[in-house]
Amino acid sequence: MLDFPPWKRLWLWGVSLFFALAAIPSLVTLAGLTWPSVLPQPMINLGLDLAGGSHLMLEADPRQVARQRLETMEESVRTALRDAEPRIRVGDFSTAGGRLSFMLEDPSQVDAARDVIEPLTTGAGLTGQRDWTIQVVDGNRFILTQTRAGLDLAVENAMEAATEVVRKRIDAMGTREPTIIREGPERIVVDVPGLKDPQALKDLLGQTAELEFKLVDQSALPSDVAQGIAPPGSEIVPGAPGSDYEGTQIAVRRLGGIRGDSLVRAQQTYDPQTNEPVVSITFDPQGGARFARLTSENVGKPFAIILDGQVISAPNINEPIIGGSAQISGNFTAETANQLAIALRSGALPVDLTVVEESSISAELGADSIEKGAIAIIVGLVALVLFMILTYGRFGLYTIAALVLNLFMILGVLALLGPLAALTLPGIAGLVLTLGTAVDANVLINERIREERARGRRVVAAVEAGYKESSSAIFDANITNVIAALIMFVFGTGPVRGFAVVLTIGIVTSVFTAVTMTRMWVAGWLRRKRPADIVL
Amino acid sequence: MKLLKLIPDNTNIKFLRWRVPFYGVSILLMIASIVLVFTQGLNLGVDFVGGQTIRITFAEEVAPVAEARQEIDALGYGEPIIQQIGQPNQISVRMKLPDESDSALSDRMVRDIRETLEANHPGVEIGSARSVSGKVSNELFRTGMIALALAMLGISIYIWVRFEWQFGVGALFALAHDVTLTIGLFALTQMEFDLSIVAAILTLIGYSLNDNIVIYDRVRENLTKYRKMPLPELLDLSVNETLSRTVVTSTSTIITLAALLLLGPDVIFGFTAAIIFGIFVGTYSSIFMATPILIWLGVTSDSFIPAESRADAQERRVKGQA
C-alpha cells in the first residue's frame, strides 16, 4: 500500500507535471503576457460567455421542403407525361393536402402512365422504401404521396447544403474561427467569437438569396395588377422594401426567365455613372448565353430583377448584354450591396432559415467574468489552505499540495483538449466547486486515519487502513457525480456543457491527486522520518 | 501544534431520537415549497418561457430603473420586466417576443430599446442579449425536467446496485427533498430560474449524495461489524463516526463557494446560490432524512449477508440427511 518504488514515483510525477505544465501557456496569456511562440502552446478555448461573441440557432421548416418537393414533382410529372410516346393527356391537377393528384383522360393509359411516373421516384432509406408512393384510385386518378423516409432524406440533403452555404457566407464575412454545426435534423448552430452585434450576420443568413431575372408582362392592366390579378402565364411579384418598388406590385412572365444559380462571380462595386453601390455579377458560359438571348430578343422592354420573391429593380433593356456580365442596382448601401454579393457568391439557401435562439455577449462582460472568477478562485483557495492546515496540520499541507496540482491539471487537460472543450462561465464555477469538493477524499482519508489511531493502531498501519477503508466511499461518491455530470453533458447546451466537462475532468484528476499523489507523499515522509506518532 | 477540531472526538449525539419531528418539519417544508411553486410561481427566464433579455450597464452609480421602464414601455412592444442584477448600475430587461414568426420585428425591438436607452442615458452599455423562441424554450424546459428526473433515478439505481434497495429509496427520498426545497427557494425569492439553475440542481444532486454515500458506507460496514446492535443505535453510531468528515467537507465546499458568490461574476449569482443552498440542505437531509428512513424500510443486519443460493441449500439438505 505504502510502497512506491522509484519507477512508480517517476511515472506519477511525469503524468502530473505533463498535465499541470500544459496549463502554463494559457495562464501566462490570461495574465496579459505573451507566451513565446517557439514553445508548444496548448491553449484553453474560452466559451462565448467568456470570450464575448454571438451565438445563433437557425431552424428550417420541413414543411417548406415538402412544398418544394411537391412543386418539383408536379413539374416533372407534367413534363414526363407530355414527352411520353404516345402523349398521355391528363387534367385536374391538385396539390391539396400535400399530395399530388391528377386524372388521366384515357383510363386505358394507366399502365403506361405508371411506367412513366415510377422512374421519377427514388429509393429512400435502408428499408427499400421509395420517396413517393403511387396510388391509382377510381381507375384513372393518380395520387402521389411523399413518404416519411423520402421527406426526411430531402430535409437532410437540404440541411447539408444549407450548412455549406452558411459556412461559405460566414467565411466571406471574414470573421475568425466560427463554429458551425448541425444540431438535430432541422437546426444549425453558429457560434462566432468576437462578434458583438449579430445583426449583420442575421441579415446575411436570413437571406435565401434566390435571384431571378424575369420579363415584365406589359400587357397586364395596372388596375388588375393592383388587385393582384395576373394575366395567364404571368404572376404578381411585390416590390422589395427599401427599393424604388416598395409597396407596388409587378406582373412578370412566369416562364422564360433566368435563375441566378448560374453565377460565377458576384461583387460589390460602384456604378461608374451614378456612383451608387451596385452588385456586379458574371454568369457562367451557359447562363451568359441565355442572358444574351433574353436581352437581345427583348431590347426596349423592362425586365424585373427578383430577389427572394421580391422585385429589387426593373430596368429597361437598353441594348443586348452579350458579355455575360451585368449590374444589379436597387438603392443599396455599400454594406447591403456587399451582403447581397456575398449571399449570391455562396449560392442560394435550399431552405429558409429562421433564428430560433440567439445570444450575444460583449467581450468586456466576458473579461469581467474571467477576472472576478480568477479572484474568487484565488481567495477561495487561500481560505481553504488555512482551513486545511488548521484542521489537519501536515496532512493538510499534503491535501493543499494535491489541490493546487489538481487545479493546474484540470486547466492543463482543458488546454490539451483545446477546441473540444471550451471553458465557460459555469465552467469557472465548476472549477471552484471542484476545489471545495476535491478535498473530500482527503478529509475522508484523514478522518479515517484519526479513527484508526484512536483505536490504537500504529502509525503506518493506521495510514494504510485510512487509505484502504475510505476507498469504497470515495469511489461511490465520485461515480454519482460523474452520473450527474454525464446527464448534464448529454442534455445541456453550450455553457452548461462546459460546466459538465470541467466537473468530469475535475473528478478524475482529483481522485488521482487526492488519493494517489498524497499517498505517495505521505509514504515518503513516513519512510524518511519513521514518526512514532502523528499529529492529526 | 494543536489542530482545529470543529467536531470533538467520539461524539455521541442521538440524531435519530428526533427523527419523527424532523421528518414532520421537512415534509411540511416540502409541501410549502410545492405550494409556493404553484401559488407564487417561478420567475422563469427566457430559456424556459421564450422572449428577449438584455443586460444593461449604466454609467450612473445607480441604474434609473423607473425611467428605463417608462422609456421602454413607451416604445409599445409591451411591458418590460426589469430586474437589478449584480452591481447597482446593472439591470436586466426582459421582454416577450412581439411575434414569434417575425424575427425582423424582434430585431427592431432590440434596436429600438438600445437606441432609446443610448439616447437618454449617455454611456449606457449592452453587456449581453439573448432571445429564445417559444418552441425552443419549450424544448429546453422539457429536456431540463427529463435531465433532472434521469439524474435522480440514475443515481438512486446506482445506490441500489451498490448497496440495497432500501438505501436506493432513502437516497431518492433525500434527493427529492433537496430538489424540492431548492426549487421552493427560487419560488420564494423570485430569483430567475433558467437553464443554469437546472445545471446547479443537477450538481447538488451529485454532491448531496456524497454525504449520503459516506454515511451509508459506514452503515454497511457497521452492520457487518456489530451484528447484534439495534438499528437506531447503529445508525446513530454511523452518523457520529462520520460527523467530523461531514462537517469538514461541507465547510470547505462552502468556503470556496462563498468566495465565488461574493467575489465571482454576477452572472452566475443564482447558480452559485442554488448550489450553496443545496449543500446545506443536502448535508441536513443525508443525516435526518436518508438515514432514519432505513429503520422504516426494514434494514437488518442480514441485509448484506448474501442470501443462501439454491445450490447451497440443496447441498446443506443433502448433508443434513447424510
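Reply: A residue counts as buried if 20 or more other C-beta atoms lie within 10 Å of its own, and as exposed if 12 or fewer do. Keep in mind that this is a predicted model.

Me: Which residues of H4(A) are buried, and where around the axis do they sit?
Reply: The buried residues of H4(A) are Val65(A), Arg69(A), Val77(A) and Leu81(A). They cover an arc of only 115 degrees around the axis, so they lie on the same side of H4(A).

Me: How far apart should the ends of helix H4 of chain A be?
Reply: The helix runs over residues 62-83, which is 22 residues. The end C-alpha atoms are 31 Å apart.

Me: What does the face of H4(A) turned away from its buried side carry?
Reply: That face carries exposed residues. They are Glu71(A), Thr72(A), Glu75(A), Thr79(A), Arg82(A) and Asp83(A).

Me: Which element gives the largest share of the side of chain A that touches chain B?
Reply: In the contact, 59 residues of chain A meet 58 residues of chain B. Elements giving two or more residues to chain A's side include H13(A), H14(A) and H15(A). The largest share is 15 residues, and it comes from H11(A).

Me: Which residue of E5(B) stands opposite Ser360(A)?
Reply: E18(A) and E5(B) run antiparallel, joined by five bridges. Opposite Ser360(A) stands Ala129(B).

Methods
Residues numbered from 1 in each chain as written. Chains lettered and ligands numbered in written order. Predicted model: local features only at pLDDT ≥ 70, side-chain atom pairs only at ≥ 80, totals over all residues. Helix = DSSP H or I, 4+ residues; strand = E, 2+ residues; numbered from the N terminus. Expected span 1.5 Å × (residues − 1). Arc of directions from axis to C-beta. Contact = placed C-beta atoms within 7 Å. Pairing = 2+ DSSP bridges.
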